[in-house]
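The following paragraphs lead through the side-chain arrangement of a protein chain. They take up a helix face, ring pairs, charged contacts and a surface patch in turn.

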Amino acid sequence: MALPPIAKATLQAALISAGSNVLAQGITSYRDGTPFEVDTQTLFQFTTSALILSPLTFLWLEGLESRFPGTEQDEPVKGKSSEKGKSQPKLSVKNTVAKIVVDQVMGGAWNTVAFIATMGFLRGQDYEVIKNEILNNFWPFMLAGLKLWPFVSILNFTVVPADQRLLVGNLFGVVWGVYLSLMAA
């Protein structure tokens with residue numbers, strides 16, 4: 001029996017997050033000249049964070065596509081139609097730009113706060129500590145994210161089919177996950 005798309009995407013995200021964290025731990029160990037030993041508590045925290053946040057990201061991406069459909073269906077042009085008289089859909093530039101902007105501004109901010117808060121909760125931090133972590137780390141994370149995520153959004157919303165966007169984001173998330181692991185250590 002096949003998993004529902006949201007469950008499949010969440011499991012992929014958790015595995016990729018776990019791999020990113022182990023890679024970051026290896027980089028830290030190499031950089032510090034210490035023997036590599038997996039910190040299972042940190043690995044658990046990053047994997048659990050992905051299990052919590054990925055379904056929300058999946059729903060976010062579905063909502064963006066529903067609100068701003070990525071393609072427009074043209075009327076069939078005589079002699080230029082594809083199978084069974086249907087025309088090829090064309091990219092809706094207006095909706096694609098809207099999705100990218102909304103994803104980067106609202107989605108980026110929400111994901112940043114949600115990640116910092118989730119990691120704080122998983123580490124057993126109290127509300128005041130989590131609030132201070134958000135205040136101190138929000139802008140550094142957001143600014144660092146602007147070096148990667150706009151490119152991923154453009155790629156995702158112009159080339160990648162809607163049902164594969166979370167996977168593509170998660171693959172780019174390996175780099176981001178290493179960065180977050182190193183920053184959150």
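Helix H5 has four buried residues to begin with: Val152, Ser153, Asn156 and Phe157. Buried here denotes under 20% relative accessible area, exposed over 50%, and partly exposed the range in between, with a 1.4 Å probe and protein chains only. These residues lie on the same side of H5, because they span an arc of only 115° around the axis; the arc is that of the directions from the helix axis to the C-beta atoms. Helices are DSSP runs (H or I, at least four residues), numbered from the N terminus.

The model is predicted, so that local features need pLDDT of at least 70 and side-chain atom pairs count only at pLDDT 80 or more, whereas totals for chains, interfaces and linings use all residues. Residues are numbered from 1 along each chain as its sequence is written, and side-chain values use heavy atoms, with hydrogens and water left out.

Turning to the rings, the structure contains five aromatic pairs. Rings of Phe, Tyr and Trp (its six-membered ring) pair if their centres lie within 6.5 Å; planes under 30 degrees apart count as stacked, over 60 as edge-to-face and the rest as tilted. One of the pairs is the tilted one of Phe46 and Phe115, with 5.7 Å from centre to centre and 50° between the planes. This pair links distant parts of the chain, since Phe46 belongs to helix H2 (residues 40-67) and Phe115 to helix H3 (residues 93-122), 69 residues apart. Both Phe46 and Phe115 are buried. Another pair, Phe151 with Phe172, is edge-to-face, at 5.7 Å centre to centre and 75° between the planes. It also connects distant parts of the chain: Phe151 is in helix H5 (residues 149-158) and Phe172 in helix H6 (residues 165-184), 21 residues apart. Phe151 counts as partly exposed because its relative accessible area is 48%, and Phe172 is likewise partly exposed, at 24%. Ring pairs also join Phe46, Phe115 and Phe141 into a cluster.

Which charged side chains meet in salt bridges? A salt bridge is a side-chain nitrogen of Lys or Arg within 4 Å of a carboxyl oxygen of Asp or Glu, and the count by this rule is four. Among them is the contact of Glu65 with Lys99, whose closest N and O atoms are 2.5 Å apart. Here Glu65 in helix H2 and Lys99 in helix H3 are 34 residues apart, a link between distant parts of the chain. Glu65 is partly exposed because its relative accessible area is 21%, while Lys99, at 0%, counts as buried. Glu65 also forms a salt bridge with Arg165, again with 2.5 Å between the closest N and O atoms. That pair links helix H2 to helix H6 across 100 residues. Arg165 is buried, at 7% relative accessibility. Through shared partners, salt bridges unite Glu65, Lys99 and Arg165 into one network.

A further salt bridge brings together the side chains of Asp32 and Arg31 (3.9 Å, N to O). Asp32 is partly exposed, at 47% relative accessibility, whereas Arg31 is exposed, at 56%.

Finally, Leu91, Val93, Val97, Val101, Val105 and Met106 make a nonpolar surface patch of about 530 Å². Helix H3 gives the most to this patch, with five residues.

Technical notes: Helix = DSSP H or I, 4+ residues; strand = E, 2+ residues; numbered from the N terminus. Patch = residues over 30% accessible without salt bridge, like charges linked within 9 Å, V, L, I, M, F, W, Y side chains within 5 Å. Areas by Shrake-Rupley, 256 points an atom, 1.4 Å probe, with all protein chains shown as cover.
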